[in-house]
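Here are my notes for you on this one, point by point. Have the structure open while you read.

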Amino acid sequence: MGEPLRVGLVGAGKISRAYLDTLPRLPGLRLTAVTDLNRARAEAAARTAEAAAKSAEAAARGAQGVAVAASAEELVAREDVDAVLNLTIPAAHAEVALAALAAGRHVYGEKPLSGTREEADAIMGAAQRAGLRVGCAPDTVLGPGTQTARKAVDDGLIGTPVAATAFMTTAGHEAWHPDPEFYYRPGGGPLLDMGPYYLSALVHLLGPVVRVTGAASRPRAQRGIGSGPRAGERFAVEVDTHVTGVLEHRGGALTTLLMSFDVHAARLPRIEVHGSEGSLSVPDPNTFDGPVELWRRGAWEPLAPSAGYVGSARGYGLADLALALEAGRPHRASAELARHVLDVMLTLLDAARERTSLPVGTTCSRPEPVPFVGELSASAGHG
């Protein structure tokens, strides 16, 4: 394997810890710099990364110190940064991605790719003109959970896919999050917050979406913070908090989708796929693992893991991008997929507002499946 991809991290918030825990053990990557609007938080992240990099595995890959940059502008201009890991809030995703691309850096970001179709197109265009890669979470779909389910579909174990269901229900994040307002402002809501996990999995399982029908509601005008120093404070709800719809996939299968911040308790499955010969129970797409069960011949049976990156965690999408660069193949957690997922979500919200059915204006290639990889290495996942 060649020289590792040198990574600069922008945004040292809560999700960054998951990446900092994983990056030191991933081949082809080396964290070199970090920045955050809160310098103390950036410094803490750098210390965490340096401590993790002292492991034998990381040291063998030439791990070094992690610099603290004063700003995102300074970080993307550093000579020791080849790729930017964009963990900023969703409203800043496009701005940081475009700055990184303008500086000649590859980009991998948290979901969603951007807040609007126009921003997503600008990112895609800038990357294409510069000959650079853009990747986007979620990479949970690269783990054994979704990938084993996908292999079962691809192997014909349920026959021809006919339908699917996808349910994400919760009473709302304000019960546990001390500053939950952004979940209820434009760009938030259950669909844009959690939809990327479910829709990315559905594209892996059934292919891209060509048409959507939607309905949505906003049962409460205000919510109350349930924990932390601001517990009891009220804030306005500015987005729909219960979204449901039907997605028509290119192959003809129909998915019934429900994303809600208004359900106190439910016994609904996360994802199920139903075919002409059987049914498949798919684990939570917000996780990398989980049980996959197949129903055929009158009974449910567990399927042993048979595909995906074993032991995967946040950051495997970036590692897959690094391996793809070296191998000259497309990376799986791609901007193309993320743009399509964003378009599906926004079109579903448009259809809900217009009380109609609408075509989806974008499409994407179904990402290549991940073979059963026991340990991510320089030669893994090139198929």
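**Notes on the structure**

1. The strands involved are E8 (residues 209–217) and E11 (residues 242–249), which run antiparallel and are joined by 8 bridges. Two strands count as paired if DSSP finds at least two bridges between them. Helices (H or I, at least four residues) and strands (E, at least two) are DSSP runs, numbered from the N terminus.

2. Before going on, a word on what you're looking at. This is a predicted model, where local features need pLDDT of at least 70, side-chain atom pairs count only at pLDDT 80 or more, and totals for chains, interfaces and linings use all residues. Residues are numbered from 1 along each chain as its sequence is written, and side-chain values use heavy atoms, with hydrogens and water left out.

3. Now zoom out to the sheet. Reading across, the order is E16-E15-E14-E13-E7-E12-E11-E8-E17, an open sheet of 9 strands with mixed pairing. Which are the edge strands? They are E16 (299–303) and E17 (357–359), each pairing on one side only. On average, neighbouring strands of this sheet are turned by 20° against each other, direction ignored. For such angles, axes are lines fitted to C-alpha atoms (for helices over the stretch in contact), and the values run from 0 to 180 degrees between N-to-C directions.

4. 4 of the 5 residues of E13 are buried, so the strand is largely enclosed by the rest of the structure. Buried means under 20% relative accessible area, exposed means over 50%, and partly exposed is in between (1.4 Å probe, protein chains only). E13 pairs with E7 in the antiparallel sense over 5 bridges, and here Pro161 stands opposite Gly275 in E13. E13 also pairs with E14, again antiparallel, over 4 bridges. In that pairing, His274 stands opposite Ser279 in E14. E13 and E14 form a hairpin, with 3 residues between them.

5. There's a helix to find here as well. Helix H7 (residues 144–154) lies across E7 (161–169), E14 (279–282), E15 (292–296) and E16, and runs at about 170° to E14.

6. On to the aromatic rings. How many aromatic pairs does a search of the whole structure find? There are 4. Rings of Phe, Tyr and Trp (its six-membered ring) pair if their centres lie within 6.5 Å; planes under 30 degrees apart count as stacked, over 60 as edge-to-face and the rest as tilted. The rings of Tyr184 and Phe235 have centres 5.4 Å apart and planes at 55°, so this pair is tilted. It links distant parts of the chain, with Tyr184 in the loop between E7 and helix H8 (189–206) and Phe235 in strand E10 (residues 234–236), 51 residues apart. Tyr184 and Phe235 are both buried. Ring pairs also link Tyr184, Phe235 and Phe261 into a cluster.

7. What about disulfides? The count is 0, where a disulfide is a pair of cysteine sulfur atoms within 2.5 Å. Cys136 is in no disulfide, and the nearest cysteine sulfur, that of Cys364, is 12 Å away. Cys136 counts as buried at 3% relative accessibility, and Cys364 is buried with a relative accessible area of 3%.

8. Last, the charged pairs. The structure holds 24 salt bridges, each a side-chain nitrogen of Lys or Arg within 4 Å of a carboxyl oxygen of Asp or Glu. One of them joins the side chains of Asp343 and Arg117 (2.6 Å, N to O). Asp343 lies in helix H10 (residues 335–354) and Arg117 in helix H6 (residues 117–130), so this pair ties together parts 226 residues apart in sequence. Is Asp343 buried or exposed? At 5% relative accessibility, Asp343 counts as buried, while Arg117, at 29%, is partly exposed. Salt bridges that share partners join Arg117, Asp343, Asp350 and Arg353 into one network.

How values were computed
Contact = heavy atoms within 4.5 Å.
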